[in-house]
Amino acid sequence: MRQKYILRSSATAARLLGGEMMIMSVADSTFFTLNEVATLIWQAADGCTSLDAIVTRICDQFDVDREQAERDVEQFVDALCQHGILLLSENPAADLAPVLQAQL
Amino acid sequence: MRDCSGLDPVKNMGSFAMSRGTSTAIAGVTIEIAGMPIRLETQDASFRRMLKQRYGPFVNESAKPGFHFDIHLLQKPGKLRADDDLQVRMQAGRWLLRRGDFKAEWDSVAGRGRILQAPGRYAIDSVLRIIHTLIQASRGGFLLHAASAIRDHRAFLFSGVSGAGKTTISRLAPPDVTLLTDEISYLGKDRCGYRACGTPFAGELDRIGENVSAPVAALFFLAKGPKNRIDAVGKAEAIRLLLRNILFFAEDADLVRLVFQSACEFVDQVPVHRLTFYPDQRVWQYIGRISEDAA
């Protein structure tokens, strides 16, 4: 997996409730509920932690092989990026500043 | 949006900085919903009479209003359409509210606003509802598509889309139940939790709610069925359903975020169930038993 970074969009609202992470896009009110693995990805999406490192965390905490974890992470990130919930970059967070600026 | 009678309130309604002599009595009616008095001022005596009649138990002339609105009535209501798209947005520190039958602007900090509207109750009803949603968004409360009623000092909410049974369950309420509304419930938040307050916003029942409030005991999402049953609703599903039924109109990311947090907070504090009911009086016995068990 190439080095990529994800950052939570500022145009979201999130809340951990009863062990489930709830996320809503404030732009179009789309609502998502995340399972445990997805919650881990969401919480790690600080723009500085690479996807590679996130996959390692998942493999450490859940009973899943690395190949499967990489596929799941890519699928999840693609889906949330399409809704503008996550921002994806090949560089760490500082390079996402223009993307964030464009959102405002 | 089409301009109303060629008068653009943004350009022509003047500044909120305008002052009136404090000694001058301004004709108006103070409407207090959920302990939030709003003064509606108008020179039109027949409109004031309509307001007093329409809002009945919610008129409170002794309350000190936190918000004032000047109302100007349009004289060509035939051109106005209440079903035009609604716009609610903040511009230059003021809320702008626009629909086919009204335009309003409101400086929430100064507590003053102006409404340019068609005569009659529908436009002012809508403006009041929107103003209350904006007020509550920053206070942790919200307005909800739901019937609500008080029994044994506790409030029960019955939410759902049109046809789900809000009016039916209100109509079936026994005499010891105090009806708060059959259409739009008002949820305020205080230090003790959520309170349901009566509103004058009625649905098909066409009966104004009682101007009282009580702590919320439970929220039921309604569906009609062949027999009465109650099912648990998970928190995620409860939030999804709640968000679908909360009244909120503003195009404002910060307030949307607050409303989301309020919905989460509510679901965290209040039991939420799905109530499938057969429309006869037995449903209230059933609700009574369930709520006693829960208590």
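This is a predicted model: local features need pLDDT of at least 70, side-chain atom pairs count only at pLDDT 80 or more; totals for chains, interfaces and linings use all residues.
**Stop 1: two helices in chain A**

Select residues 51-61 of chain A for H2 and residues 66-82 of chain A for H3. Their axes come within 9 Å and cross at roughly 125°. The crossing of H2(A) and H3(A) is right-handed. Now show the side chains where they meet. H2(A) contributes A:Leu51, A:Ile54, A:Val55, A:Ile58 and A:Cys59. H3(A) answers with A:Arg66, A:Ala69, A:Glu70 and A:Val73.

**Stop 2: the sheet in chain B**

Move to chain B. Here is an open sheet of 7 strands with mixed pairing. Read across it in the order S1-S2-S3-S7-S6-S5-S4. Which strands stand at the edges? Select 28-33 for S1 and 87-91 for S4, both in chain B. Each has a single partner strand, so one side of each is left without a neighbour in the sheet. From one strand to the next, the twist averages 20°.

Next, pick residues 102-107 (S6) and 112-117 (S7) of chain B. These two strands pair in the antiparallel sense over 6 bridges. For one bridge, click B:Ala104; its partner in S7(B) is B:Ile115.

**Stop 3: helices on the sheet**

Select residues 45-55 of chain B, helix H2. H2(B) packs on the sheet and touches S1, S2 (36-41) and S3 (67-73) of chain B. Its direction makes about 20° with that of S1(B).

Then select residues 121-137 of chain B, helix H3. H3(B) lies across S1, S2, S4, S5 (94-99), S6 and S7 of chain B. It runs at about 30° to S6(B).

**Stop 4: B:Arg89**

Go back to strand S4 of chain B and find B:Arg89. Why does B:Arg89 count as partly exposed? It has 13 other C-beta atoms within 10 Å, and the partly exposed class lies between 12 or fewer (exposed) and 20 or more (buried). Leaving aside neighbours within four places in sequence, B:Arg89 contacts B:Leu96, B:Ala250, B:Glu251 and B:Asp252.

**Stop 5: the nonpolar core**

Finish in the largest nonpolar core, which has 103 residues. Select B:Val127, B:Leu157 and B:Ala263, the residues with the most contacts inside it. Centre on B:Leu157. Setting aside residues up to four places away in sequence, B:Leu157 touches B:Leu144, B:Ala146, B:Ser148, B:Ser185, B:Ala196, B:Val216, B:Leu219 and B:Phe220.

Notes
Residues are numbered from 1 along each chain as its sequence is written. Chains are lettered from A and ligands numbered from 1 in the order in which they are written. Two strands pair if DSSP finds at least two bridges between them. Helices (H or I, at least four residues) and strands (E, at least two) are DSSP runs, numbered from the N terminus. Axes are lines fitted to C-alpha atoms, for helices over the stretch in contact, and angles run from 0 to 180 degrees between N-to-C directions. Two residues are in contact if their C-beta atoms, placed from the backbone, lie within 7 Å. A nonpolar core is a set of buried Ala, Val, Leu, Ile, Met, Phe, Trp, Tyr and Cys residues joined through C-beta atoms within 7 Å. A crossing is left-handed if the near helix is turned anticlockwise from the far one by less than a right angle, and right-handed if clockwise.
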